[in-house]
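Q: Let's zoom in on one part of this structure: the aromatic rings that pair up with each other. Walk me through them in some detail, please.

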Amino acid sequence: MLKQFVKLWIASFLLLASLSLSSWAADHGSAIEAKAMVQKALDAMKKNGIDATITEINKRDGQYMDRDLYVVVYDMNGKNLAHLNPKMVGKEMIDLTDVDGKFFIRERIELVKAKGKAWQDYKFVNPVSKQIEPKSMYVEKFENVIVGCGIYK
C-alpha cells in the first residue's frame, strides 16, 4: 500500500512539474523566437527602411512584441532608438550598467563590431515579472544600427 502511494505521489509530482514547466514555457520566449523577431525587424528594415521600421517598433502594437520578447534598436554610439519602454527611446545608453556593474550597451556595440551578430548575457528587468532577471540578447548589426531581442532565463 505504501509503495503504491509513493508511486502515485511521484507520478502526481511529475505531472505538476511538467504542467508548471509548460506554463512557464508558454509565458517565456525562446532563443529561436528571439532570433526570429530580430530577423523580422531586419527584413522590414531592408524592405521599408530603418526609420520606418523603428517607427513601427515604437508603436508598441504587438508586431514586434510577444510575451516577454520585444525588439530593441540602438545606434552604434549607444543611443536607444526603439524599446518597449518609451522612456528609454532617444536616450544615450552607452554608460548604462546592469545590477552587476556590466556596461552591457558598450559590450553589445563591441560584439557587433567584431562579429556582426552575437548572443550577449546580462541582467535586466523582465516586463512580465517586473523583476531583475538574467537575460540573453541576440543582436545583429544592420548598416548603422544594432537590432536585438532577448530571452529571460
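A: A quick definition to start: a residue is buried at under 20% relative accessible area, exposed at over 50%, and partly exposed in between, using a 1.4 Å probe and protein chains only. Bear in mind that this is a predicted model, where local features need pLDDT of at least 70, side-chain atom pairs count only at pLDDT 80 or more, and totals for chains, interfaces and linings use all residues. Numbering runs from 1 along each chain as its sequence is written, and side-chain values use heavy atoms, with hydrogens and water left out.

Now the rings. Phe, Tyr and Trp (its six-membered ring) pair if their centres lie within 6.5 Å; planes under 30 degrees apart are stacked, over 60 edge-to-face, and the rest tilted. Searching the whole structure turns up four aromatic pairs. One of them is Phe104 with Phe124, edge-to-face at 6.0 Å centre to centre and 75° between the planes. That pair links distant parts of the chain, since Phe104 sits in helix α4 (residues 104-115) and Phe124 in strand β4, 20 residues apart. Helices (H or I, at least four residues) and strands (E, at least two) are DSSP runs, numbered from the N terminus.

Phe104 and Phe124 are both buried; Phe124 counts as such because its relative accessibility is 16%. Phe124 also pairs edge-to-face with Tyr122, at 6.1 Å centre to centre and 65° between the planes. Tyr122 is buried too, with a relative accessible area of 5%. Put together, ring pairs join Phe104, Tyr122 and Phe124 into a cluster.
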